[in-house]
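Here is a quick tour of one model, written for someone who would rather look at side chains than read tables. Keep the viewer open as you go.

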Amino acid sequence: QVQLVESGGGLVQAGGSLRLSCAASGRTFSTYRMGWFRQAPEKAREFVAAMNWSGDITAYADSVKGRFTISIDSAKNTVLLQMNSLKPEDTAVYYCAARNTVLSAKYDYWGQGTQVTVSS
């Protein structure tokens, strides 16, 4: 059973930085693609960033390009999202997600989310 546990959210002023962590367990993730998504109040969940567990094929939403960086520490089974130059519109619950690229075209596993609030 795949488990994803996010941490690192909090309250930060505009222009500040946060680093989110996602601890992944329950599988060998070598064939997985890991993603970060977010959902603001009364808005649909949206894609933020993704990376293959091998470290290749990264993708970012246009709204975060140049400000956010996704990375994977395979030794610690952890997915990181470094968020710099934060804006109030980045306020949302951030979710870590995983999909087995061999078996599925969609993200089947989700964490519980961590709140990020950016004050102006």
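## The disulfide

Cys22 is buried, with a relative accessible area of 0% (buried means under 20% relative accessible area, exposed over 50%, partly exposed in between, using a 1.4 Å probe and protein chains only). Cys96 is buried too, at 0%. These two cysteines form a disulfide with their sulfur atoms 2.1 Å apart; the cut-off for a disulfide is a pair of cysteine sulfur atoms within 2.5 Å. The link joins distant parts of the chain, with Cys22 in strand β3 and Cys96 in strand β9, 74 residues apart. Strands are DSSP runs (E, at least two residues), numbered from the N terminus. The angle about the S-S bond is -75 degrees, making the link left-handed. A search of the whole structure turns up 1 disulfide.

A word on the source: this is a predicted model, where local features need pLDDT of at least 70 and side-chain atom pairs count only at pLDDT 80 or more, while totals for chains, interfaces and linings use all residues. Residues are numbered from 1 along each chain as its sequence is written, and side-chain values use heavy atoms, leaving out hydrogens and water.

## The nonpolar core

The largest nonpolar core has 31 residues, and Met34, Trp36, Leu81, Met83 and Tyr94 touch the most other members. Such a core is a set of buried Ala, Val, Leu, Ile, Met, Phe, Trp, Tyr and Cys residues joined through side-chain atoms within 4.5 Å. Strands supplying at least two residues each include β3 (18-25), β4 (32-39) and β9 (92-100).

Leaving out residues up to four places away in sequence, Tyr94 touches, among others, Trp36, Arg38, Leu81 and Met83; contact here means heavy atoms within 4.5 Å.

## Charged partners

There are 5 salt bridges, each a side-chain nitrogen of Lys or Arg within 4 Å of a carboxyl oxygen of Asp or Glu. Arg38 pairs with Glu46, the closest N and O atoms being 2.6 Å apart. Arg38 is buried at 6%, whereas Glu46 is partly exposed at 35%. Arg38 also forms a salt bridge with Asp90 (2.9 Å, N to O). Arg38 sits in strand β4 and Asp90 in the loop between β8 and β9, so this pair ties together parts 52 residues apart in sequence. Salt bridges with shared partners join Arg38, Glu46, Arg67 and Asp90 into one network.

Arg67 lies in the loop between β6 (59-60) and β7 and is buried, at 9% relative accessible area. Beyond its neighbours within four places in sequence, Arg67 contacts residues including Gln82, Met83 and Asp90.

Note on methods. Helices (H or I, at least four residues) and strands (E, at least two) are DSSP runs, numbered from the N terminus.
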